[in-house]
Amino acid sequence: MPRAFLVIMDSVGCGGAPDANQYFNLDRPDTGANTLAHIAQACADGRAENGRSGLLKLPFLDALGLGAAVRLASGDETPGLELMPSGTWGTATQHSCGKDTPSGHWELAGLPVPWDWGYFPNTSRSFPEKLKLQTCKLAGTEAILGDCHASGTEIIRELGEEHIKTGYPICYTSVDSVFQIAAHEEHFGLERLLKLCHELAPTLHAMKVGRVIARPFTGDLNTGFVRTTNRKDFAIAPPDSVLTNWVHDAGGVVHGVGKIGDIFSMAGIDDCVKGSDDELFQHLYKLCGQAGDGSLTFANFVEFDSLYGHRRDLSGYARALEWFDSCVGTFMANMRDGDLLILTADHGNDPSWVGTDHTRERVPVLCAGVGTGQVGIVDFVDVAASIAKHLGVIPLRGRSFL
């Protein structure tokens with residue numbers, strides 16, 4: 001009996017988006033952004049030598065067709081990623097507006113976003129007064145800190161000590177449709193932070209702001225402030241059925257790994273586990289051995305994006321890709337006959353680019369367990385349709401490329 005594993009390499013884009021000129025980092029359009037190609041080129045040029053060295057080494061992903069997918073998507077050179085593909089491979093184009101987590105994941109799961117997201121202006125005060133007053137009321141504080149566009153790691157470094165002294169939550173946003181609240185797990189309290197985000201989420205969702213994100217952190221001014229893995233996203237629920245519903249309604253079990261449960265508000269998802277990317281891959285290995293016939297395992301590995309893309313860390317991103325490649329090799333060695341593995345991404349986050357935000361890009365589509373061949377340039381929704389077909393489920397949108 002078939003099983004399917006859909007694994008999202010968060011932000012691992014491959015350039016070539018036809019509408020990249022409509023999306024910006026600072027005042028520069030995303031035209032030419034290419035997460036994978038620029039990392040490979042930086043490695044070849046000796047610009048990614050911190051903790052690793054030489055050409056980007058991704059033998060398992062490249063054998064599936066990673067380098068070929070980058071070249072198909074964008075035409076850019078991929079030094080070190082030049083193997084002849086032995087998997088089924090292609091690249092996918094997103095059509096939803098937005099280069100963010102919900103837009104990418106929903107569309108990969110078969111549902112293009114049916115509205116324009118709500119965003120906050122990048123001004124000295126980003127949030128409307130009414131929203132700030134409600135946040136204070138729910139938090140039981142006199143004020144908030146932040147009220148701006150910011151990098152999550154930078155803003156806790158800048159405002160962490162003041163947050164501890166005042167008790168005020170740190171509220172910030174980005175070019176994505178998000179309202180993020182950072183708070184110290186001990187001084188503010190993790191449960192208090194989660195409760196605040198949960199209670200505030202309906203107001204933001206009514207504004208079509210895609211996610212309210214709890215960003216807990218620990219530490220102090222002397223040792224430094226560090227975000228923890230207890231992040232939780234309170235996302236707008238998909239307004240229509242998606243791949244997880246299709247499989248669940250057909251009698252299959254759906255396992256979530258990482259932030260998948262948050263992104264889809266657990267719609268059609270039977271269980272979900274969180275943790276660091278290393279912990280999540282250990283759980284994915286376990287599901288490779290234990291997931292039942294007809295099941296879907298839907299996983300997101302976020303640290304490419306959160307630890308390296310936003311921080312514009314070329315070496316760190318390259319190290320993470322090389323670690324992930326070795327994990328993929330182990331996973332494929334334990335796949336059963338009838339299993340389908342699809343590796344793809346939700347958007348780009350080129351660590352060589354200006355700014356700190358996502359980049360609009362096509363994404364690779366790499367398939368193991370279904371032979372060898374090129375599927376060409378497909379749509380995000382075709383990923384969902386292909387998995388549905390493999391599992392014998394009727395897709396509501398998209399066309400299978402398998």
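Predicted model: local features only at pLDDT ≥ 70, side-chain atom pairs only at ≥ 80, totals over all residues.
**Exercise 1.** State the strand order of the open sheet and find which strands stand at its edges.

Solution. Step one: the open sheet is formed by eight strands, and their order reads β12-β11-β13-β1-β14-β15-β4-β16, with mixed pairing. Step two: β12 (271–273) and β16 (373–379) each have a single partner strand, so one side of each has no neighbour in the sheet, and these two are the edges. Step three: on average, neighbouring strands are turned by 15 degrees against each other, direction ignored.

**Exercise 2.** Describe how β4 is joined to β16.

Solution. Step one: β4 covers residues 88–93 and runs parallel to β16, with six bridges between them.

**Exercise 3.** Which strands does helix α13 lie across, and at what angle does it run to β16?

Solution. Helix α13 spans residues 380–390 and lies across β1, β4, β13, β14, β15 and β16. Its direction is at about 125 degrees to β16.

**Exercise 4.** Classify the crossing of α4 and α13, then sort the residues of their contact.

Solution. Step one: the axes of α4 (residues 101–108) and α13 come within 6 Å and cross at roughly 40 degrees. Step two: angles under 35 degrees would count as roughly parallel, and 65 to 115 as roughly perpendicular; α4 is therefore oblique to α13. Step three: α4 contributes G104, E107 and L108 to the contact, while α13 contributes F380, V381, V383 and A384. Step four: these residues divide into five nonpolar, one polar and one charged.

Key: Residues numbered from 1 in each chain as written. Heavy atoms only, no water. Pairing = 2+ DSSP bridges. Helix = DSSP H or I, 4+ residues; strand = E, 2+ residues; numbered from the N terminus. Axes fitted to C-alpha atoms, helices over the stretch in contact; angles between N-to-C directions. Contact = heavy atoms within 4.5 Å. Parallel < 35°, antiparallel > 145°, perpendicular 65-115°, else oblique. Nonpolar A, V, L, I, M, F, W, Y, C, P; charged D, E, K, R; others polar.
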